[in-house]
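Here's a quick briefing for anyone meeting this structure for the first time.

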Amino acid sequence: MRERRSLGRVRRHAGVALACILLSACGLFMSPERRIERAEDMMQKGDYGSAVIELRNALDEQPDNAKGRLLLARAAVQIGDLLTADKEIARAIELGAEADEATPLAAEIKLGLGQFDQLEKLVQPPATGLSEAERLIYLGYAQLRTDRVGQALGTFQAAAAADPKGDVALRAQTGLAEAHARSGDIDAALRELDAVLAVNPRFFDARLAKGMLLVQRGDVQAAEAVLADMALTDAGSAVPKLKRISALTTLVEAQLAQGNDDAAAKSLGQLKELAPKTPLVSYLSARIALARGDAPAAVIEMQRVVQASPNFIPARFLLGQALAATNNLGQAEKELQAVVQAEPENVEARKMLADIQIRSGRASEAVESLSPL
């Protein structure tokens, strides 16, 4: 009997020991510092989602860890969660994160969020943590995005003249190209971008900018060639998700413009991997449905988008087009009236509205719709 009891105690102790070992292996006994180290390893391997989880667990235990906050901000940028990134970088700076790491990341987040006033304030001299070229690049983008194109041209030229090195030099030249494009000089913009890509054919920002400009110019076949082999859905990509979404969206546009709706549908499938259940995916799905002659499917997709984002005017225009194709003329006219009210100079919307009014036997109203043109 005593031997059985002793054996039972041994087994219980062994079970407790084994459980402790297993729990430790699962990370329950891991220090915040070790979690942060694991998160860094995950980020180096491109596993940003797992890194976010690891960092949140570390910060639950040690909320004042500046390095953890900084890494969480960086990982959040990579997965496209800029609001979280903005919150975390502000906290990291407050906790004393190194300016050389924190300031460039903060500037990138402000640029991505469209907080241009805050970005411009951040990069005022001395802008600790930024080189002069980097400071001017961010200032140039703040000016460009707020329609101060002439100032932006001068600022990007000054950034290029500040003798930047490596990717900073390529980014200054890419910014200059974007400023040329906004000033209407597409040829000058493409020359700058080609010069960047001659140095580094894989430089993402320049390829994306070139693809967008080629679509804008109508050279959609060349745009597709620029964008098609960029590994845009690679989970381990060092390129932030939002930039890859922009590139895939431009690729779908280029393929649709060529009438290649099968290729566009394939690219849209890749986009769904990055941004599932978003208005952007529904909008492009409707574009493809219309290209294939499936107007009812386009109506369903666009109604979802307009319900979620009623001020997204391209979606309302597309919904009007799809409704007209299904002979729902009254609803189509309502959507197109909303487009014209928001964008009085939208020629295509006015033409489509007038066509519907003519089909409804109201020619005088059609003339009134077209008269501002």
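Let's start with Thr 103: once its neighbours within four places in sequence are set aside, Thr 103 is in contact (heavy atoms within 4.5 Å) with Leu 122, Thr 128, Gly 129 and Leu 130. Keep in mind that this is a predicted model, where local features need pLDDT of at least 70, side-chain atom pairs count only at pLDDT 80 or more, and totals for chains, interfaces and linings use all residues. Residues are numbered from 1 along each chain as its sequence is written, and side-chain values use heavy atoms, with hydrogens and water left out.

**Around Thr 103**

- Thr 103 sits in helix 6, residues 99-113; helices here are DSSP runs (H or I, at least four residues), numbered from the N terminus.
- Thr 103 counts as buried, at 11% relative accessibility; buried means under 20% relative accessible area, exposed means over 50%, and partly exposed is in between, using a 1.4 Å probe and protein chains only.

**The loop between helix 7 and helix 8**

- Look for the cis peptide bond that joins Pro 125 and Pro 126, with omega at about 10°.
- Pro 126 belongs to the loop between helix 7 (116-122) and helix 8 (132-145).
- Ala 127 is in the loop between helix 7 and helix 8 too, and it has a positive phi of about 50° although it is not a glycine.
- Is Ala 127 buried or exposed? At 6% relative accessibility, Ala 127 counts as buried.

**Asn 327 and Leu 329**

- Asn 327 is another residue other than glycine with a positive phi, near 65°.
- You'll find Asn 327 in the loop between helix 18 (313-325) and helix 19 (329-342).
- Asn 327 is exposed, with a relative accessible area of 57%, while Leu 329 is buried at 18%.
- Leu 329 is part of helix 19.
- What does Leu 329 touch, leaving aside its neighbours within four places in sequence? Its contacts are Ala 324, Ile 356, Arg 359 and Ser 360.
- For one of these contacts, Ile 356, there's a distance to go with it: the C-alpha atoms of Leu 329 and Ile 356 are separated by 6.4 Å, and the two residues are 27 residues apart along the chain.

**Aromatic pairs**

- How many aromatic pairs does a search of the whole structure find? It finds two.
- Rings of Phe, Tyr and Trp (its six-membered ring) pair if their centres lie within 6.5 Å; planes under 30 degrees apart count as stacked, over 60 as edge-to-face and the rest as tilted.
- The rings of Tyr 141 and Phe 156 have centres 5.0 Å apart and planes at 75°, so this pair is edge-to-face.
- Tyr 141 lies in helix 8 and Phe 156 in helix 9 (residues 149-161), so the pair ties together parts that are 15 residues apart in sequence.
- Tyr 141 counts as buried at 3% relative accessibility, and Phe 156 is buried with a relative accessible area of 0%.
- Then there are Tyr 283 and Phe 312: their ring centres are 5.4 Å apart and their planes are at 55°, so this pair is tilted.
- Tyr 283 lies in helix 16 (residues 279-291) and Phe 312 in the loop between helix 17 (295-308) and helix 18, so the pair ties together parts that are 29 residues apart in sequence.
- Tyr 283 is buried, with a relative accessible area of 13%, whereas Phe 312 is partly exposed at 28%.

How values were computed:
Helix = DSSP H or I, 4+ residues; strand = E, 2+ residues; numbered from the N terminus.
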